[in-house]
Amino acid sequence: VTVDGGSYMGDNGGLDIIGGLITVRDGLFDVGSGGVIRINGDFNFEGGSFSGGSGSAQIQFRGSTLQTINGDFSGANAFHRVLFLNPSGFNFTGGNSTINSLVNFANGVENIDGGLLNLGSSTTVLPTQYGSSMSYVNGRVSRVISSGGSFNFPIGSETNWRPASVNNVSASGLTWEAEYFEGDPTSDPLVDNLTPTNSSIQTISSGEYWKISDGNGAPSGVTARVGLSWGSASDVSSVLAEREELEVMIWNDAISSWDNLDGTSFSSGHSSSSGRFVAVNSNSFSEQIFTLGSTTANNPLPVTLVSFEGMLTDETVLIKWKTSTEINNDYFELQRSANGMDYETIALIQGSGNTARQIEYDYLDTKPIAGNNYYRLKQVDFDGQVTIENKIVLVEYIPKNFTLLFNVFPNPTSEYNINVRVTANQDVPVRLELFDLFGKKVFSNEYSSSELYDDIKVQPTEQLNQGIYIIRLEQLDKSITKRLIITK
């Protein structure tokens with residue numbers, strides 16, 4: 001759909017489904033006052049006007065591949081009610097976006113590229129006020145909070161959901177902002193150490209931090225209580241009482257150390273893989289940096305992985321990684337998968353125990369899998385506690401002796417007697433497809449290497465007309481085509 005002058009008006013009831021790209025260059029795109037517009041492709045707002053609708057009208061982003069939402073959807077061009085339901089996620093580019101009435105984070109991460117997502121002062125956040133591990137915002141989120149009010153920011157990184165909250169604010173009408181960062185707090189130019197002000201703090205996280213602000217132009221003396229969260233990568237204790245010794249830490253730039261704001265109001269049913277809590281003490285605001293701390297060393301917080309990368313070197317794969325700190329680290333398991341889901345351990349690498357120095361590791365995989373090789377790290381503490389790192393390295397390996405051939409017989413033939421004989425020397429699936437001369441696919445199937453010992457019987461999904469067809473065989477990076485003549 002392209003709007004280049006004129007108007008696109010949504011229904012006052014019912015459902016409009018737009019399967020491909022929407023581009024608005026001029027004119028008006030209006031969601032309407034009572035219907036639903038379901039968008040399965042990208043939305044590109046270049047000019048003209050956009051009306052997010054009113055009443056019960058809703059715009060739904062429900063694609064199956066990554067959707068790009070490009071343009072400035074703020075001010076008069078704000079969204080009204082929005083549903084995000086796409087496991088592949090969303091990229092917001094080209095400016096800021098505002099949602100004024102309701103947002104439903106059903107599935108998929110909303111990645112904010114350069115701008116921010118503003119949730120209006122009365123916007124309802126679903127399915128929970130924090131978002132969920134399935135859907136949240138990777139980027140800055142803002143919200144106007146009234147005096148004495150609170151708000152839960154549904155934020156995280158590309159792979160980790162880490163909501164934060166601002167509670168009991170002392171001034172009304174300020175636009176608060178929050179953003180989560182995966183990495184060492186010392187990577188921020190303002191922070192130069194992980195030293196606590198109070199000696200009762202045993203550990204400070206070196207793997208994550210939050211930035212929270214009361215907005216530009218806020219008066220001095222504004223205070224609030226901040227709430228943070230943790231996840232499986234935070235590596236907190238499996239013992240409930242020890243988890244409740246977590247504290248909210250705030251960077252004190254005046255004395256170059258981390259102040260303890262204490263911790264309370266831990267979420268019901270919290271576990272080592274998920275939980276939230278709130279600072280006991282308020283702090284004054286401008287833009288502040290927060291992270292997790294603990295009064296017990298049994299909340300070790302992460303072995304901080306600075307980098308994890310892989311590269312193909314001739315017929316081998318070199319895997320390298322660095323850590324900035326390690327606490328209680330016994331060893332790493334390097335794991336490999338052909339499909340990104342089923343992993344096996346291919347090497348054990350001794351850890352460095354407890355260290356605040358940067359440590360470099362490497363391993364040479366001399367027998368990579370033909371095709372895709374997914375690598376990840378499993379880190380094991382001395383007490384047996386396990387952390388599987390979220391970072392994945394993908395390396396494609398094409399063997400030098402790679403062979404792929406096929407014959408189709410008889411040729412010409414009828415649609416009921418199409419046979420294919422494949423010669424392949426790699427234990428990797430092959431895909432066989434049949435197209436007519438207009439490019440329409442009439443047959444497609446994948447075969448494992450063990451199925452290639454026998455000839456393949458091609459059975460098209462529909463009746464074939466007499467004429468010429470193209471049969472294509474694919475494996476790894478190789479594709480072979482041949483002509484097939486169908487007679488009656």
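**Exercise 1. Which residues does Phe29 touch, not counting residues up to four places away in sequence?**

Solution. Start with the ground rules. This is a predicted model, where local features need pLDDT of at least 70, side-chain atom pairs count only at pLDDT 80 or more, and totals for chains, interfaces and linings use all residues. Residues are numbered from 1 along each chain as its sequence is written, and side-chain values use heavy atoms, with hydrogens and water left out.

Step 1. Read off the partners. Phe29 touches Val3, Tyr8, Ile18, Ile22, Val24, Ile37, Phe43, Ser49, Phe50 and Ser51.
Step 2. A nonpolar core is a set of buried Ala, Val, Leu, Ile, Met, Phe, Trp, Tyr and Cys residues joined through side-chain atoms within 4.5 Å. Buried means under 20% relative accessible area, exposed over 50%, partly exposed in between (1.4 Å probe, protein chains only). The largest nonpolar core has 62 residues, and Phe29 is among those with the most contacts inside it, along with Phe43, Phe61, Phe79, Phe84 and Trp176.
Step 3. Look for another core. A second, separate core of 23 residues includes Leu434, Ile456, Leu464 and Leu484.
Step 4. In soluble globular proteins, nonpolar side chains tend to be buried together.

**Exercise 2. Describe the aromatic pairs and the charges over rings.**

Solution. 
Step 1. State the rule. Rings of Phe, Tyr and Trp (its six-membered ring) pair if their centres lie within 6.5 Å; planes under 30 degrees apart count as stacked, over 60 as edge-to-face and the rest as tilted.
Step 2. Count. The rule gives 28 aromatic pairs.
Step 3. Take one pair. Phe151 and Phe153 are edge-to-face, with 5.0 Å centre to centre and 90° between the planes. Both Phe151 and Phe153 are buried.
Step 4. Find a cluster. Phe29 returns here: one aromatic cluster includes Tyr8, Phe29, Phe43 and Phe105.
Step 5. Check the charges. A charge sits over a ring if NZ of Lys or CZ of Arg is within 6 Å of the ring centre and within 35 degrees of the ring normal. Arg276 lies over the face of Tyr130, at 3.8 Å from the ring centre. Lys482 lies over the face of Phe406, at 5.0 Å from the ring centre.

**Exercise 3. Is strand E14 largely enclosed or open, and why?**

Solution. 
Step 1. Define strands. Helices (H or I, at least four residues) and strands (E, at least two) are DSSP runs, numbered from the N terminus. The protein has 1 helix and 39 strands.
Step 2. Count buried residues. Strand E14 (residues 137–145) is largely enclosed by the rest of the structure, because 7 of its 9 residues are buried.
Step 3. Find its partners. Two strands pair if DSSP finds at least two bridges between them. Strand E12 (residues 110–119) pairs with E14 in the parallel sense over 5 bridges. E14 and strand E17 (residues 174–182) run antiparallel, joined by 5 bridges.
Step 4. Focus on Val141. Leu117 stands opposite Val141 in E14. Val141 also stands opposite Ala178 in E17.

**Exercise 4. In what order do E33, E34 and E37 form their open sheet?**

Solution. 
Step 1. Give the order. The 3 strands run E33-E34-E37, with antiparallel pairing.
Step 2. Name the edges. E33 (404–409) and E37 (456–458) each pair on one side only.
Step 3. Inspect one pairing. Strand E34 (residues 418–424) and E37 pair over 3 bridges. Val420 stands opposite Ile456 in E37.

Note on methods
Contact means heavy atoms within 4.5 Å.
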